[in-house]
Amino acid sequence: TSSSGSLLSKLPLWVLRFLQFVFAITVIGLYAQDLRAAHKAGKYSDNKWGYAVAVGVIGAVSSLLLAWPRLTMWGWGWDLVVFILFTALFGLFGKMFIHERAEGLNGVKRMKNAVWIDLINMLLWFVTAIYGMIMFFFFRGSRSLHTGRAAV
């Protein structure tokens, strides 16, 4: 078997995608709590929390779809998009909660933890984007531009 097709060569990617999925689901859970509480209380729910849940859903679905190595080679651009979404999420909530004092406030503690989960997500998506770019530009087996028949 070739090394590119072996199970061992796909394992690191699958581990990264699994971690992306788990942490994206964690983001959904952490931020959706406040949306649900606001909805149950009949209060206004901030769009920032809606954005966080949407980014979590995008991350979870994308990690499942991009778990196939062939898609990773071609999906590195989408990895970059999701990386940018999580970067914005980290910046948005980091500015709000990193310097906040959590003294006895469970909601603030949870949000401070959520910010660090956002950072982990951001870094995981950056790693897979770089990995995908490397696979795309160095290992895709180049073909001629117009017909695609000749190897270059």
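Where is the place of G50? G50 sits in helix α2. That helix is one of five in the protein chain, which has zero strands. The model is a predicted one.

**Overall make-up**

- Along the sequence, the protein chain reads α-α-α-α-α.
- The protein chain has 152 residues, and 33% of them count as buried.
- Take the contacts between residues at least 6 apart in sequence: 69% of these join residues at least 24 apart.

**Helices α2 and α4**

- Helix α2 covers residues 47-65, and helix α4 covers residues 76-97.
- The two pack at an angle of about 150°, and their axes are 10 Å apart.
- Angles over 145 degrees count as roughly antiparallel, and α2 and α4 are therefore roughly antiparallel to each other.
- The crossing of α2 past α4 is left-handed.
- On the α2 side, the residues that meet α4 are K48, W49, Y51, A52, V55, G56, I58, G59 and S62.
- On the α4 side, the residues that meet α2 are W78, V82, L85, F86, A88, L89, L92, F93, M96 and F97.
- Sorted by class, this contact of α2 with α4 holds 15 nonpolar residues, three polar and one charged.

**Helices α4 and α5**

- The axes of α4 and α5 cross at roughly 160° and come within 8 Å.
- That angle makes α4 roughly antiparallel to α5.
- Helices α4 and α5 make a left-handed crossing.
- The contact of α4 with α5 has 21 nonpolar residues, five polar and three charged.

**Helices α1 and α5**

- The axes of α1 and α5 come within 9 Å, and they cross at roughly 150°.
- That angle makes α1 roughly antiparallel to α5.
- Helix α1 passes α5 in a crossing that is left-handed.
- In the contact of α1 with α5, 17 residues are nonpolar, six are polar and four are charged.

**Salt bridges**

- Side chains of opposite charge can pair when their charged atoms come close.
- How many salt bridges does a search of the whole structure find? The search finds two.
- One joins R17 and D79, with the closest N and O atoms 3.0 Å apart.
- R17 is in helix α1 (residues 7-40) and D79 is in helix α4, so this pair links distant parts of the chain, 62 residues apart.
- Are R17 and D79 buried or exposed? Both are buried.
- R110 and D34 also form a salt bridge, with N and O 2.7 Å apart.
- R110 has a relative accessible area of 16%. Buried means under 20%, so R110 counts as buried.
- D34 has a relative accessible area of 25%, and D34 is partly exposed.

**Residues to find in the structure**

- W14 lies in helix α1. Its relative accessibility is 35%, so W14 counts as partly exposed.
- W14 and S63 are 49 residues apart in sequence, while their C-alpha atoms are 9.3 Å apart in space.
- D46 is placed in the loop between α1 and α2. With a relative accessible area of 26%, D46 is partly exposed.
- D46 and L35 are 11 residues apart in sequence, and 7.8 Å separates them in space, C-alpha to C-alpha.
- G50, back in helix α2, has a relative accessible area of 31% and is partly exposed.
- G50 and A32 are 18 residues apart along the chain, and their C-alpha atoms are separated by 7.8 Å.

Definitions and conventions
Residues numbered from 1 in each chain as written. Predicted model: local features only at pLDDT ≥ 70, side-chain atom pairs only at ≥ 80, totals over all residues. Heavy atoms only, no water. Axes fitted to C-alpha atoms, helices over the stretch in contact; angles between N-to-C directions. Helix = DSSP H or I, 4+ residues; strand = E, 2+ residues; numbered from the N terminus. Parallel < 35°, antiparallel > 145°, perpendicular 65-115°, else oblique. Left-handed = near helix turned anticlockwise from the far one by under 90°. Contact = heavy atoms within 4.5 Å. Nonpolar A, V, L, I, M, F, W, Y, C, P; charged D, E, K, R; others polar. Salt bridge = Lys/Arg side-chain N within 4 Å of Asp/Glu carboxyl O. Buried < 20%, exposed > 50% of the residue type's maximum accessible area, 1.4 Å probe, protein only.
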